Amino acid sequence: MEWNLFFGHIAIVGGFLLAAILVMSILRKQRTSSAAFAWLMAIIFAPYLGVPLYLAFGGRKLKRDAHTKQDIHLVGQETIPRKDADPIDSLLREYDIPGATSGNEVRLCHDGVETYTELVDLIESAEHQILITTFILSRDEVGQDIVNKLAIKAANGVTVRLLLDDIGSFFTSKKFLAPILDNGGKVAYFMPLFRAPFHGRANLRNHRKIAIADQKTVLAGGTNIAKEYIGPTAFEDRWVDLSFVLKGPAVRHYLEVFQSDWQFASGETINIIPPCAAGSAISGEGVMQVVPSGPDVPMDPVHDALLTAAYTAEKKLWIVTPYYVPDEALAQALRLAAQRGVDVRVLVPGNSNHKIADLARGTHLRELAECGGKIMKYPHMMHAKVVVVDDRLAVVGSANMDMRSLFLNYEIVMFAYSKADIMPVHDWVEGLMNEGTQGVEPVGLARDTVEGLARLMAPLL
């Protein structure tokens with residue numbers, strides 16, 4: 001009995017010491033007061049749940065061990081002089097993000113059939129190398145189809161490298177991917193969940209979507225490889241998403257991001273060879289800037305660029321996102337933009353696939369609407385991540401307008417500054433808005449309370 005009391009006492013003391021250490025860590029390392037407050041509440045009021053959750057999911061830009069991913073360093077190849085650059089381009093250069101390049105060609109993939117067709121064409125036309133990273137590769141018929149096509153290319157001597165996020169593709173086993181592996185291709189999983197479950201790394205997911213053929217052509221955007229995203233024929237319940245095909249000098253930066261991610265996950269280096277050399281402009285006139293964000297990028301370039309866009313927008317600021325859970329700085333910037341007369345619109349699905357995110361967005365949307373912003377509800381699940389600012393900028397990529405994408409995940413987006421490339425994005429967004437309904441419905445006391453609680457816990461989502 002005495003020994004039981006002794007060990008019980010040691011456990012209590014140890015628990016308090018661990019909680020105290022975690023509280024100090026939270027106060028030092030969390031970027032926002034809301035994130036710090038949410039974790040503190042979880043640890044103080046539910047320590048047996050909050051402590052292990054923070055150990056597993058509380059990491060943000062942490063350097064825990066020798067295998068931590070090194071920062072990305074993109075090679076500068078600017079063709080737009082700084083004096084002629086957009087203010088957001090200039091800001092991002094201060095974040096060690098290379099400036100925009102001209103001579104690019106971009107083509108939008110407006111729906112899942114177009115994206116599927118472009119992905120298949122990218123794979124089948126590759127002569128030397130296929131590099132793909134995605135958050136989700138499903139075990140459904142679309143995932144099986146892409147795996148089989150990659151296996152055929154590997155069997156024909158094409159270098160195939162497939163990088164999957166370990167949580168997003170948790171059920172996509174090596175057995176399912178055996179056709180690729182058996183034919184000489186290689187597969188790696190980003191930050192395996194059970195390799196270091198209490199290093200805070202489980203919260204840091206690779207949400208980037210990139211496919212590269214022969215270091216010449218990129219297919220990127222917000223689309224995963226699964227039936228609900230893409231397929232050879234129209235699918236009634238398919239999610240609305242937006243991807244694009246890119247050629248030109250900006251391809252190099254997507255390649256460098258893949259190289260960094262792949263080397264971290266597999267230990268193998270992907271050599272960057274011509275034609276991905278500086279100055280590899282084609283006939284296109286697109287002015288593009290590739291912007292990665294996440295734990296391998298200093299500071300938070302995507303968040304801060306969007307914040308700057310909100311403060312510098314003059315006429316229009318349109319946002320398309322499946323999950324609208326911004327931090328308070330960005331939410332306030334959008335409210336102020338609406339109050340000064342900017343046409344601020346936020347398009348979200350009427351009901352997304354994450355109920356908690358829908359609850360957390362409620363107060364944000366109503367506050368923006370009260371300040372003059374327009375809230376648009378799309379009738380189906382919409383997964384696209386797009387921002388349009390006046391006629392000077394369009395942003396398309398993998399980052400949602402929520403704190404997970406802006407502060408935790410490994411993401412990558414493209415900033416387009418050329419009007420010829422901004423207008424197709426604008427028109428695509430306008431088409432979605434024409435299908436949606438405007439306004440936010442009033443809520444009762446119970447719903448308002450639940451939404452307030454969800455918003456309070458939003459940094460943990």
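A residue counts as buried when its relative accessible area is under 20%, as exposed when that area is over 50%, and as partly exposed in between (1.4 Å probe, protein chains only). D304 has 13% relative accessibility, so it counts as buried.

Now for the ground rules. This is a predicted model, in which local features need pLDDT of at least 70, side-chain atom pairs count only at pLDDT 80 or more, and totals for chains, interfaces and linings use all residues. Residues are numbered from 1 along each chain as its sequence is written, and side-chain values use heavy atoms, with hydrogens and water left out.

Start with the whole chain. It holds 14 helices and 15 strands. Both are DSSP runs, numbered from the N terminus: helices are H or I with at least four residues, strands are E with at least two. The chain has 461 residues, and 59% of them count as buried. Take the contacts (heavy atoms within 4.5 Å) between residues at least 6 apart in sequence: 79% of these join residues at least 24 apart.

Go back to D304. This residue sits in helix α9, residues 301-312. Its side chain makes a polar contact of 2.7 Å with that of H303. Such a contact is a pair of N or O atoms within 3.5 Å; within protein, one must be able to donate a hydrogen and the other to accept it, and residues adjacent in sequence count only if both atoms are side-chain atoms.

Next, find strand β9, residues 316-320. Is β9 enclosed or open? Five of its five residues are buried, so the strand is largely enclosed by the rest of the structure. K316, W318 and V320 point one way, while L317 and I319 point the other way. In a regular strand, side chains alternate between the two faces of the sheet.

Which strands pair with β9? Two strands pair if DSSP finds at least two bridges between them. Strand β10 (residues 343-349) pairs with β9 in the parallel sense, over five bridges. Here K316 stands opposite D343. Between β9 and β10 the chain passes through helix α10 (residues 328-339), and this β-α-β crossover is right-handed. That means that, with the strands pointing away from the viewer, the path from the first strand over the helix to the second runs clockwise. Strand β12 (residues 386-389) runs antiparallel to β9, joined by four bridges. L317 stands opposite V389 there.

Finally, look at a loop. M299 lies between β8 (286-293) and α9. Its phi is near 60°, a positive value in a residue other than glycine. Most residues other than glycine have a negative phi.
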